[in-house]
Amino acid sequence: MLKQKNLIFVGAPGAGKGTFSAWLLEHYDLVHISTGDILRDEIRRDTELGRAASGLMKEGKLVPDEIVAGMVKARLAQPDCDKGFILDGFPRTVHQAELLEAALAETGRKLDRVVLFQVPDEMLLQRLTARLSCRKCGEIYNRLFLPPRQEGVCDKCGGELFQRPDDSLETAKNRLRVFYEQTQPVIDYYARSGKLLTITETDRERIQQLLNRELN
Ligand code: ADP
Ligand code: ZN
């Protein structure tokens with residue numbers, strides 16, 4: 001199962017897509033395509049794209065559709081995506097979903113399932129503002145659910161942990177608003193295609209069991 005599956009993970013910020021993807025990738029050989037990670041990498045490398053995206057991301061606003069869709073299309077064209085992929089955090093607008101459809105057609109790939117992670121709003125806000133990221137390797141922690149062994153220090157690489165500017169309460173609320181305004185229609189779009197699988201679990205093992213069963 002999950003092998004050679006082409007999946008989209010969709011959910012509000014803080015719903016656990018990223019954390020669950022990371023865990024899944026330890027068990028399955030799939031390509032992880034996170035537009036948030038690609039953008040943060042562009043910012044770290046101080047590219048033109050990174051400079052354009054950085055202000056928008058700090059405010060919790062979306063980066064223009066054409067830019068993120070272009071990044072995803074380039075990634076999907078790589079041969080390693082033959083083994084299956086998870087699109088994490090993309091598409092976030094109906095226009096992005098349409099651009100994705102074109103990119104899939106051009107790269108000769110097709111979508112198997114769209115997995116929706118559904119979590120109550122209060123829990124999302126709690127999680128978002130408790131999130132810590134490693135400055136060096138990008139590993140994500142959570143003061144509530146996934147604290148590092150030593151406060152402020154990454155378990156994996158010893159790097160310094162910090163709160164991303166887009167994880168403040170004000171930005172978190174803004175990101176939720178953006179999610180309901182722009183991404184909810186994407187969910188409706190995929191619901192019509194019959195490919196949507198909704199997960200309301202927050203427990204990893206239960207999520208995995210469910211995916212195992214549903215994605216066979
Ligand atoms: P999350 O923590 O919600 O998973 P991400 O790391 O996916 O957040 O994204 C962080 C920020 O990067 C977003 O708030 C947005 O500014 C930008 N971004 C990421 N993916 C997209 C996308 N598909 N479309 C537009 N902007 C995006
Ligand atoms: Zn680290």
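Student: How do you know whether the radius of gyration of the protein chain agrees with that of a compact globule?
Tutor: You set it against the globule rule, 2.2 Å times the number of residues to the power 0.38. With 216 residues that rule gives a value near 17 Å, and the protein chain has 17 Å, so the two agree. Keep in mind that this is a predicted model.

Student: What box do the C-alpha atoms fill, and how much of the chain is buried?
Tutor: Along the principal axes, the box is roughly 45 × 40 × 35 Å. Buried residues account for 45% of the 216. The accessible surface is about 11200 Å², with 48% of that belonging to carbon and sulfur atoms.

Student: What is the chain built from, and what share of its contacts comes from residues 24 or more positions apart?
Tutor: There are 8 helices and 8 strands. Taking contacts with a separation of 6 or more, 71% are between residues 24 or more positions apart.

Student: Are Cys 134 and Cys 157 buried or partly exposed, and how do you know?
Tutor: Buried means under 20% relative accessible area. Cys 134 has 3%, so it is buried. Cys 157 has 29%, so it counts as partly exposed.

Student: What makes you say that the buried residues of helix 2 line one face?
Tutor: Those residues are Thr 35, Gly 36, Leu 39 and Glu 42, in a helix that runs over residues 35-44. Looking down the axis of helix 2, its buried residues fall within an arc of 125°, so they line one face. Their cover includes strand 2 (31-34), helix 3 (48-58), helix 4 (65-76) and strand 3 (85-88).

Student: Helix 4 is part of that cover. How do you know whether Val 68 is buried or exposed?
Tutor: Val 68 is found in helix 4. Its relative accessibility is 5%, so Val 68 counts as buried. Leaving aside neighbours within four places in sequence, Val 68 is in contact with Thr 35, Leu 39, Val 63, Phe 90 and Gln 96. Val 68 and Thr 35 are 33 residues apart in sequence, yet their C-alpha atoms are 6.7 Å apart.

Student: Why would anyone pick out Asp 46 by its phi?
Tutor: Most residues other than glycine have a negative phi. Asp 46, a residue other than glycine, has a positive value near 55°. Asp 46 lies in the loop between helix 2 and helix 3. With a relative accessible area of 46%, Asp 46 falls in the partly exposed class.

Student: And what makes the peptide bond between Phe 90 and Pro 91 worth a look?
Tutor: Most peptide bonds are trans. The one joining Phe 90 and Pro 91 is cis, with omega about 0°. Pro 91 is in the loop between strand 3 and helix 5 (94-107).

Student: Last one: how do you know whether Arg 175 and Arg 143 are buried or partly exposed?
Tutor: The line for buried is drawn at under 20%. Arg 175, in helix 7 (residues 169-193), has 11%, so it is buried. Its contacts, not counting residues up to four places away in sequence, include Pro 13, Gly 60 and Asp 166. Arg 143, in the loop between strand 6 and strand 7, has 48%, so it counts as partly exposed. Beyond its neighbours within four places in sequence, Arg 143 is in contact with Thr 129, Ala 130, Leu 132 and Gln 163.

Methods. Residues are numbered from 1 along each chain as its sequence is written. Chains are lettered from A and ligands numbered from 1 in the order in which they are written. This is a predicted model: local features need pLDDT of at least 70, side-chain atom pairs count only at pLDDT 80 or more; totals for chains, interfaces and linings use all residues. Side-chain values use heavy atoms; hydrogens and water are left out. Buried means under 20% relative accessible area, exposed over 50%, partly exposed in between (1.4 Å probe, protein chains only). Helices (H or I, at least four residues) and strands (E, at least two) are DSSP runs, numbered from the N terminus. Contact means heavy atoms within 4.5 Å. Accessible areas come from the Shrake-Rupley method with a 1.4 Å probe; for residues, only the protein chains shown count as cover. The arc is that of the directions from the helix axis to the C-beta atoms.
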